Amino acid sequence: MTCNLTREQALALLREYNRESFHIQHALTVEGVMRWFANELGYGADADFWATVGLLHDIDFENWPQEHCVKAPELLRPAGVGEEMIHAICSHGYGICSDVEPEHPMEKVLFAADELTGLIGAAALMRPSKSVMDMEVSSIKKKFKDKKFAAGCSREVIQQGAERLGWELPVLFEKTLAAMQSCEEAIRNEMSL
C-alpha cells in the first residue's frame, strides 16, 4: 500500500474542505484509530496508509453531505491520492452513500470503527472527565443499546462492521476504545494549536 501524501499534505487537504472543529477532530480521531488498528492487526508497515485513509475518509462530508463518498474522488485525485486509497475511503460509506464494498481488512476496520468512534466520542462527552481514558466497555454497550443516544451513529453499520471483521460486538468495542485511548491526548494537543 503506497501512501502518496505526507501527513502534512493530507492534513492540509483535509483543512481545505473542512473548517468545523467537530469534523477536524473526528478526522484526527479516525486517523489515530486506524494507525492503532494497523499496528494491532499486524499491518504496521502500512500504518501511514491506514492513518491517512482515516484522516481523509470524510473529506467531502462537511461541504457535500448529500454527495458523501461520491464527491471525494474529485477532491482526492487532483491532490495526487492514488486509486487504492480512494477505493478505501469510498468503501466506508458502503450501502449508505457508496456502492464500493469494503474488501481489504483495513477497509473493513474503517467501515466498522468510523461510526463507533462517533458513539464512543459522544459517550465521552457525557462523562465528568470528558475523556475516553476512564471509560469501560460496559459503558459503550449501554450507550449502544440506547437507540436515542447519539442517534446519528448507525448501530446497524457498527453491527455489520463487526460481522465483516468476524468479531463479536464487544471485541470491536474493546479494540476501538483502546485505539481511541491511544490517541486522545495527541488529538487534544493538536486541536488546541
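This is a short tour of a predicted model, one selection at a time.

Residues are numbered from 1 along each chain as its sequence is written, and side-chain values use heavy atoms, with hydrogens and water left out. Local features need pLDDT of at least 70 and side-chain atom pairs count only at pLDDT 80 or more, while totals for chains, interfaces and linings use all residues.

**Stop 1: the core.** Select Phe 37, Leu 56 and Leu 76. In the largest nonpolar core, which has 59 residues, these three touch the most other members. Helix α6 gives the most to this core, with 10 residues. A nonpolar core is a set of buried Ala, Val, Leu, Ile, Met, Phe, Trp, Tyr and Cys residues joined through side-chain atoms within 4.5 Å. Buried means under 20% relative accessible area, exposed over 50%, and partly exposed in between (1.4 Å probe, protein chains only). Helices are DSSP runs of H or I with at least four residues, numbered from the N terminus.

Now show what surrounds Phe 37. Leaving aside neighbours within four places in sequence, its contacts (heavy atoms within 4.5 Å) include Trp 50, Val 109 and Trp 167.

**Stop 2: Glu 115.** Select Glu 115 in helix α6, residues 105-125.

**Stop 3: the cysteines.** How many disulfides does a search of the whole structure find? It finds zero; a disulfide is a pair of cysteine sulfur atoms within 2.5 Å. Select Cys 97, which is partly exposed at 25% relative accessible area. Its sulfur is 3.7 Å from the closest cysteine sulfur, in Cys 69, too far for a bond. Cys 153 is buried at 13%, and its sulfur is 15 Å from the closest one, in Cys 97.

**Stop 4: Trp 64.** Select Trp 64 in the loop between α3 (47-56) and α4 (72-76). Is this residue buried or partly exposed? Trp 64 is partly exposed, with a relative accessible area of 23%. Trp 64 touches Tyr 17, Lys 71 and Leu 75, not counting residues up to four places away in sequence. Trp 64 and Tyr 17 are 47 residues apart in sequence and 9.6 Å apart in space, C-alpha to C-alpha.

Key. Helix = DSSP H or I, 4+ residues; strand = E, 2+ residues; numbered from the N terminus.
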